[in-house]
Every structure is written in structure tokens, then in C-alpha cells.
Amino acid sequence: MMPLRRFTIHQPHNLREASEMLAQFGEKGRLYAGGTELLLAMKHDLLRYEHLVDVKTISGLDRIERKDSALHIGGIATHRAIENSRLVREHFPFICEMERNVANVRVRATGTLGGNLCFAEPHSDPANLLSALDARAKVQGRSGERALAMDELIVGAYETSLAPDEILTGVEIPLPPKSQKAAYLKFQIHERPTLGLALVLDLDDSGRAITKARAVVGCVSPKPCRSEKAESLLVGERDKVEKQLADAAKALADTADPVDDLEGSAEYKRHLIGVFLGRAFAKALSAATSM
Ligand SMILES: Cc1cc2nc3c(=O)[nH]c(=O)nc-3n(C[C@H](O)[C@H](O)[C@H](O)COP(=O)(O)OP(=O)(O)OC[C@H]3O[C@@H](n4cnc5c(N)ncnc54)[C@H](O)[C@@H]3O)c2cc1C
């Protein structure tokens with residue numbers, strides 16, 4: 001590992017100041033939160049910045065709170081804070097479970113949700129689940145605030161649609177109806193996940209039929225992926241849907257178009273999608289692990 005090149009850390013008092021700094025430094029500057037990705041890449045000389053703008057000095061950005069009919073998780077909330085949040089557990093226990101399985105406790109204590117989403121490393125967990133939950137990323141820059149769906153925020157491997165002066169201030173997740181069931185599962189043999197699969201199912205009053213389904217697979221290709229065809233096969237009477245799981249998995253795999261990489265071959269990942277969709281279906285519908 002190379003010794004770190006010299007850089008200056010700047011500590012803005014508010015979002016406006018942070019955006020101004022980012023605009024002023026241009027390609028020589030970068031936002032810095034927990035540093036678990038950024039500093040590592042800088043130590044390896046893969047990224048070079050002369051100025052780091054420390055977003056952690058802006059108060060309130062780590063807040064986790066209920067806002068009307070949504071749960072707001074601040075952009076600098078750490079994985080550990082989310083994992084341990086009573087509010088998150090109350091509404092989305094499977095988010096706490098997903099966070100508990102991110103990296104190791106040292107990374108979770110420092111790494112933030114915003115850093116995870118904005119680095120857009122394909123082998124990551126939160127965007128998969130947040131995408132299935134229809135979460136929206138709140139973003140602020142010099143020209144104001146906007147909200148983006150996860151697939152609008154993450155556009156490719158290590159690539160987001162954020163302008164250089166924009167900061168992810170938080171994520172808003174619509175509070176689920178009581179009839180909603182969800183599960184997130186991942187498969188991991190190395191440092192990062194090989195596959196992450198999120199399944200969110202809305203049930204009818206009888207609980208016997210699925211009225212709406214969202215299935216997202218991530219880590220197998222450059223960005224989290226949904227498939228309309230897969231989701232239509234996941235709607236209907238439970239028994240019927242169970243028989244269609246293999247077709248739904250195939251449709252999801254076709255859309256995700258897995259890639260060969262160090263985590264495994266594309267064929268292996270297609271197989272995993274089938275296995276994990278079946279497991280997520282069973283888990284989501286089991287009362288103990290869903291809402
Ligand atoms: C050993 C290891 C194992 C890991 N395992 C997993 C895993 O299993 N699952 C998983 O999902 N992740 C995993 N990760 C990734 C981890 O979740 C991220 O490293 C962490 O969340 C990044 O957050 P950070 O605050 O440290 O980001 P930083 O390193 O500070 O920043 C990362 C990037 O995001 C930008 N950024 C940061 N915050 C914002 C913001 N609010 N708005 C706009 N841009 C911003 C920065 O400019 C930078 O480009 C692992 C990481 C390590 C080191």
C-alpha cells in the first residue's frame with residue numbers, strides 16, 4: 001500500500017457551505033464521510049484528491065426519524081446506528097438484519113449509508129433492499145433539493161447521477177402497510193457479497209394472495225436490478241406463485257444479466273438467483289422474520 005498523498009480536510013458548517021466547497025475544488029475535491037472506501041482507494045493511489053470535505057461536521061445529517069408516512073435515515077447515519085435503531089427495527093426489522101450483515105463491526109461503526117450508496121460499489125447490500133422498498137434518496141446541491149429513486153441514483157458500477165456539488169442528505173422509505181412482507185438475503189464467501197436479493201410482497205386481506213411484488217437482485221451485475229416479468233409472476237395465489245418461482249427467477253436473472261467476476265461465473269450466479277428467490281419467498285411469508 002502507498003503512503004497517503006497530502007490532502008487537506010475541510011469542515012463545512014452546513015450543506016450550502018459543503019456544496020460551495022465541492023464546486024470550488026472541482027475534480028481536486030471529494031466529499032468524505034466514514035472514509036472506509038475513500039481512504040482505502042486513496043491509500044492504494046486509485047483515487048487522488050487534494051481536498052476532502054468532511055460531511056460529518058454538518059449537524060443533523062445522522063438523524064433517523066419518522067416523517068409523516070415515511071422513515072427518514074440521514075445520509076451520514078452509520079450502518080451500526082441503523083442496525084441498532086429502535087425506530088428502524090419497529091418498522092423495518094429486515095433493514096436492521098441486512099445492516100447487521102454488512103462488512104464487520106469496525107466498518108459498520110464508521111461507514112455510512114450515504115457513503116455506501118454514493119460509492120456505488122456493485123457488491124453492496126443497502127441499495128438492493130432500499131430499491132425493493134421504493135425508497136428515495138434526498139439530494140441537495142447549490143441549485144436546491146431533489147429526490148431520486150435508487151435506480152436513478154445508482155446508474156452503474158461506481159457511478160451515480162449526482163452532480164459534483166450534490167450531497168446525499170438522507171433516504172426516505174415509505175412506511176409499509178400491515179399486509180406487507182419482506183426479506184433480504186445475501187450470499188457471501190469473500191469480503192463482499194456475491195449476491196443480494198430483496199423481496200417485498202403485499203398480501204390481500206385474507207393473506208392468501210400476493211397483490212404486488214418487488215424483487216431486486218444485486219451484486220451479480222453492475223447495479224441492482226428489477227424485472228417486470230419476474231414481478232408479474234410473483235403476483236397471485238400463494239400456491240400458484242410458488243409454482244412460478246423458477247420462471248420468476250429466470251426472468252430476474254435474464255434482466256440482471258450476471259457477469260463473470262472474482263465472485264463467481266455468470267452461470268453460477270443465475271443458479272444462485274433461483275435458490276435465493278425461493279428462500280426469500282419462504283422467509284418473507286414466515287411471520288417471525290417479516291413485518
Ligand atoms: C472490509 C469491507 C467489507 C465490506 N463489506 C460490505 C458488505 O458486506 N456489504 C456492503 O453493502 N458494503 C460493504 N462494504 C462497504 C461499506 O459499506 C462502505 O465502505 C461504507 O458504507 C462507505 O461509507 P463511508 O461513509 O465510509 O464512505 P466514504 O469512504 O467516506 O465515501 C465513499 C464515497 O461516497 C461519497 N460520499 C460519502 N458520503 C456521501 C454523501 N452523503 N453524499 C454524496 N456522496 C457521499 C464520497 O465522496 C466517496 O466517493 C465493505 C467495506 C469494507 C472496507
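**Ligand shell and aromatic pairs**

Me: Which element gives the most to the shell around the ligand?
Reply: Helix 7 gives the most, with 5 residues, where helices are DSSP runs of H or I with at least four residues, strands are runs of E with at least two, and both are numbered from the N terminus. This is a predicted model, in which local features need pLDDT of at least 70, side-chain atom pairs count only at pLDDT 80 or more, and totals for chains, interfaces and linings use all residues. Residues are numbered from 1 along each chain as its sequence is written, and side-chain values use heavy atoms, with hydrogens and water left out.

Me: Why is the pair of Phe 92 and Phe 94 called edge-to-face?
Reply: Rings of Phe, Tyr and Trp (its six-membered ring) pair if their centres lie within 6.5 Å, and planes under 30 degrees apart count as stacked, over 60 as edge-to-face and the rest as tilted. The structure holds 4 aromatic pairs; in this one the centres are 6.1 Å apart and the planes stand at 80 degrees, so the pair of Phe 92 and Phe 94 is edge-to-face.

Me: What makes the pair of Phe 187 and Phe 276 tilted?
Reply: The centres of Phe 187 and Phe 276 are 5.8 Å apart and their planes are at 55 degrees, so the pair counts as tilted.

Me: Why does Phe 187 count as partly exposed?
Reply: Buried means under 20% relative accessible area, exposed over 50%, and partly exposed in between (1.4 Å probe, protein chains only). Phe 187 has 21% relative accessibility and therefore counts as partly exposed, whereas Phe 276, at 5%, is buried.
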